[in-house]
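Please read it alongside the sequence and the structure.

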Amino acid sequence: MSQPDRPHIRELTAAREAYIPRPPAIYRGIVSSLQFEEVFLTKREEYEKLLSDGALMFQQVPLVEIDGMQLMQSKAILNYIAGKYNLYGKDLKERAMIDMYSEGVIDLMDLVMMYPLTPPENKQKYLSNIEQKAKDRILPVFEKGLANSQFLVGNQLSRADIHLLEVTLMLQELLPTILASFPKIQAFQEKMKALPIIGKFLQPGSARKPPPDGAYVKTVKEVLSHLFK
């Protein structure tokens, strides 16, 4: 992956992994060789300070500071980083395919990210819903897309590949055997993890965060209390 320069990248978000869609962890890991700083909001007052300063365009996080800009909205952030670091295809047709694959993954990722915030009495039903949608709608598309290629679009790594890797790892944290019927995705996952920059990010002790726990849920609900009324 080419690296045009080494800017300072600063991301502000709620708790460790706010359930609001944001640049996926591995996506951030791809640029972790740059000067990258994550700022986690752990108190409501920190969020309100950003609001009062006018830093949050739509009154929500994440906020990414890069190249002298303050970027809001996860899709805009993802597209900017992908374009800057050669993860967005070689032409408009490839970008359209990358977008389609990415949106499909993000639909599933959003479901997974909401799981920790689901009431205990609804967790099993919610998990079954995740499993059904993954197996019936999402994963078959990617199994087919990887039938004759190492990457989903073109012959190089794109944001679509990074999204797919992350969502499959997230799924396996909840449903360890979910990829059993998808050998192409399993092989893809292993090839992706073998890439040095990704493999390093997935190692213990890296910047990758553990699965959400009760403390995470409590912090998110405190910082973003207006969303849980």
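K93 is exposed, with a relative accessible area of 69%. Exposed means over 50% relative accessible area, buried under 20%, and partly exposed in between, with a 1.4 Å probe and protein chains only. K93 sits in helix α4. Its C-alpha atom is separated by 9.8 Å from that of V153, 60 residues apart along the chain.

The model is predicted: local features need pLDDT of at least 70, side-chain atom pairs count only at pLDDT 80 or more, and totals for chains, interfaces and linings use all residues. Residues are numbered from 1 along each chain as its sequence is written, and side-chain values use heavy atoms, without hydrogens and water. Helices (H or I, at least four residues) and strands (E, at least two) are DSSP runs, numbered from the N terminus.

**Helix pair.** α4 and α6 pack at an angle of about 25°, with their axes 9 Å apart. That makes the two helices roughly parallel, a term for angles under 35 degrees. Axes are lines fitted to C-alpha atoms over the stretch in contact, and angles run from 0 to 180 degrees between N-to-C directions. Among the α4 residues that meet α6 are Y101, L108 and M113. The α6 side includes H163, L164 and L171. Contact means heavy atoms within 4.5 Å.

**Cores.** A nonpolar core is a set of buried Ala, Val, Leu, Ile, Met, Phe, Trp, Tyr and Cys residues joined through side-chain atoms within 4.5 Å. The largest has 46 residues. L108, I130, L139, F142, L152, L164 and L171 have the most contacts inside it. β3, α3, α4, α5, α6 and α7 each supply at least two residues of this core. Another core, of 14 residues, lies apart from it and includes A55, M72, L117 and L224. Leaving aside neighbours within four places in sequence, L152 is in contact with Y101, F142, G145, L146, A160, D161 and L164.

| Helix | Residues | Buried residues |
|---|---|---|
| α2 | 44-52 | R44, Y47, L50 |
| α9 | 214-223 | Y216, V217, T219, V220, V223 |

The arc is that of the directions from the helix axis to the C-beta atoms. On the other side of α2, E45 and S52 are exposed. G54 follows α2, with a positive phi near 75°.

In α9 the buried residues fall within an arc of 165°, so they line one face of the helix. The face turned away carries the exposed residues G214 and K218.

Conventions: Angles under 35 degrees count as roughly parallel, over 145 as roughly antiparallel, 65 to 115 as roughly perpendicular and the rest as oblique.
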